[in-house]
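Take a moment with the model below.

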Amino acid sequence: MEMRKVYANALEELMEKDDRVCLLDADLGKASGTMGLREKFPDRIYDCGIAEQNMASIAAGLSSYGFKPWIESFTPFATRRICDQVAISIVYAGQNVKIVGTDPGISAEINGGTHQGTDDVGTLRSIPGLVIFEPVDEVQLKAAMPVLNDYEGSVYMRLFRKELPVVFPEDYKFDLFKADVLREGTDVTIFVTGLLTADVLEVAKKLAGEGISCEVVNVHTIKPVDAETVIASARKTGAAVTVENHNIVGGLHSAVLEALTREKIPVVPVGIKDRFGEVGRIPYLREVMGMTNEDIAKAVREAIALK
Amino acid sequence: MDLKTICKDVRCDILTCIGSLGTGHIGGCLSAAELLTVLYFEAMNIDPENPKMPGRDRFVCSKGHAGPAVYAALANRGYFPKEELLTLNRGGTNLPSHCDMKLTKGIDMTTGSLGQGFSCAVGIALGSKIAKDGATVYALIGDGETQEGQIWEAAMFASAKKLSNLIAFTDRNKFEIDGVVEEVNAIEPLADKWAAFGWRVIEVEDGNDIEQVSEAVKHAKLGIDGDKPTMVILNTVKGCGVRWIEELGPACHNTTLTMEQAQAAILEVRGEGR
């Protein structure tokens, strides 16, 4: 199922159960998949029009009134565009707002560099106390939605809108602050978040055929990063690769490096190499950004060689 | 006690509060003293003993740097002892330069990044409409703050959603840090702009005349059952009540104020009144 559909269904369920849940968007209800909920909850869903800053601060006001607002827009407009509103109206003021940025990084495809949020995690990660989460499949997203809603604080979720390969089993137990070890290994750890997780598992399987044992850890929550799991796995394998659909400056790579500050372990990044996006479909963009499965395998070999 | 007397106390406490520290946003605090007195002592349904009372009226000081003026009003209203005003901006204080709802009893919204508090007030007014609890939401913006684009995003939304429970005020004291508002980036015709954005507009000739302010707030409240939010434009004097501060013009936005100067200013306020 499309991730936006899973998100909308989960939101519908939350709104049915909890009359404090509200939803605000900025002329992207259709794109976010939530348009269909408006008729059902006319007094709790508001389209703010193309005015994201106002949307963010209105959400803070609603939160101060005891409501649990969710706000949504495309990734750059839900983050960089409203960075000060997120910092001051929402987080500094101690509010409880869930911020959803859709189509992060290269998944904005033909909308190009203006719409490809390649710096959203970096932009928001230095705001103290804000939680940053990125689901990898519909099972994890479905499990996460009620947890995010109940979490007393603000969370930014970067959400791929279309269908993604299912990685987690149906009985998956989600912990917002605990990274998931998807595959155990001994030679290298691949820390991955979001879009490319299923591809990383495929690469790990292929490399096993070459005698390379990869541990795969899904760091679904980039802030606060689960340093305990990251350090334990990196110590165990002695080499690491980070894979993310984001600038390698400020995102998962930076978060993992920060966790490993006192460890002498090589960490090789796969992700967007400090550049803006451009138009194209995902396979093309993975090629030009150096994010193909072969690039991941190459990074793994490099990390092992650096041990 | 009549409002005029209370307002003198609030104004004197602003001077004491900032004077005890030696520096602060004195101009925009003094210009708002009458409004804050009317709101906290006449207009608002609030309870200092129960500062989080459900369904209470709310006040958002979107020009967050007027925090010391709000603190003076809150202390006079009994939210905390007046002695606490002397802790302004000292390390560990509950009274920071700009309003902080996490720190200060009676503060309904954190503000300081201009334009944002007004949108928050719109969100609060929307929240009250959803909750159907009959609260009135009051918000104060600065005339310089009016230059922020977010003010107009919020203005558009509030009228589109018919948030008649929102009563906003512009402290039209004519100055911002760099000079005269109309010279830095003109905001006039202000009343026409708000009317064009779908707001009911009330203009107060002297926003430092407590009777005029009181009447305007009563008039504004008559619109709560209508379908438009109300903007009250208060023509005020920056630094109002102390001649030498008024004469500083834009420089009184944030200036030094020694305790001796504050004491002399208090005598002036007590002696002359307004």
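Begin with V243(A), which stands opposite V270(A) in strand 12 of chain A. Keep in mind that this is a predicted model.

Strand 11, helix 10 (residues 252-259) and strand 12 of chain A make up a β-α-β unit. That unit is right-handed.

Step back to the whole of chain A. It holds 12 helices and 12 strands. Of its 307 residues, 57% count as buried. Its C-alpha trace spans about 60 × 35 × 35 Å along the principal axes. The radius of gyration is 19 Å, which agrees with the value near 19 Å for a compact globule, because a chain of 307 residues would have that radius in such a globule. Contacts also reach across the sequence. Among those between residues at least 6 apart, 80% join residues at least 24 apart.

Next, cross to the partner chain. In all, 22 residues of chain A are in contact with 23 residues of chain B. Two helices of chain A, helix 3 (52-64) and helix 5 (83-92), each supply at least two residues of the side that touches chain B. Helix 3 gives the most, with 9 residues. By type, the residues on this side of chain A divide into 11 nonpolar, 8 polar and 3 charged.

In chain B, 5 strands form an open sheet in the order 2-3-4-8-7, with parallel pairing. Strand 2 (58-61) and strand 7 (200-204) of chain B are the edge strands, and each pairs on one side only. From one strand to the next, the twist averages 20°.

Strand 2 of chain B runs parallel to strand 3 (residues 137-142) of chain B, and 4 bridges join them. Here C61(B) has L140(B), in strand 3 of chain B, as its bridge partner.

Finally, find helix 9 of chain B, residues 210-221. It lies across strand 4 (166-172), strand 7 and strand 8 (230-235) of chain B. Helix 9 runs at about 170° to strand 7 of chain B.

Methods:
Residues are numbered from 1 along each chain as its sequence is written. Chains are lettered from A and ligands numbered from 1 in the order in which they are written. This is a predicted model: local features need pLDDT of at least 70, side-chain atom pairs count only at pLDDT 80 or more; totals for chains, interfaces and linings use all residues. Two residues are in contact if their C-beta atoms, placed from the backbone, lie within 7 Å. Ala, Val, Leu, Ile, Met, Phe, Trp, Tyr, Cys and Pro count as nonpolar, Asp, Glu, Lys and Arg as charged, and the others, Gly among them, as polar. The radius of gyration is taken over C-alpha atoms; the globule rule is 2.2 Å times the number of residues to the power 0.38. A residue is buried if 20 or more other C-beta atoms lie within 10 Å of its own, exposed if 12 or fewer, and partly exposed in between; C-beta atoms are placed from the backbone. Two strands pair if DSSP finds at least two bridges between them. A crossover is right-handed if, with the strands pointing away from the viewer, the path from the first strand over the helix to the second runs clockwise. Axes are lines fitted to C-alpha atoms, for helices over the stretch in contact, and angles run from 0 to 180 degrees between N-to-C directions.
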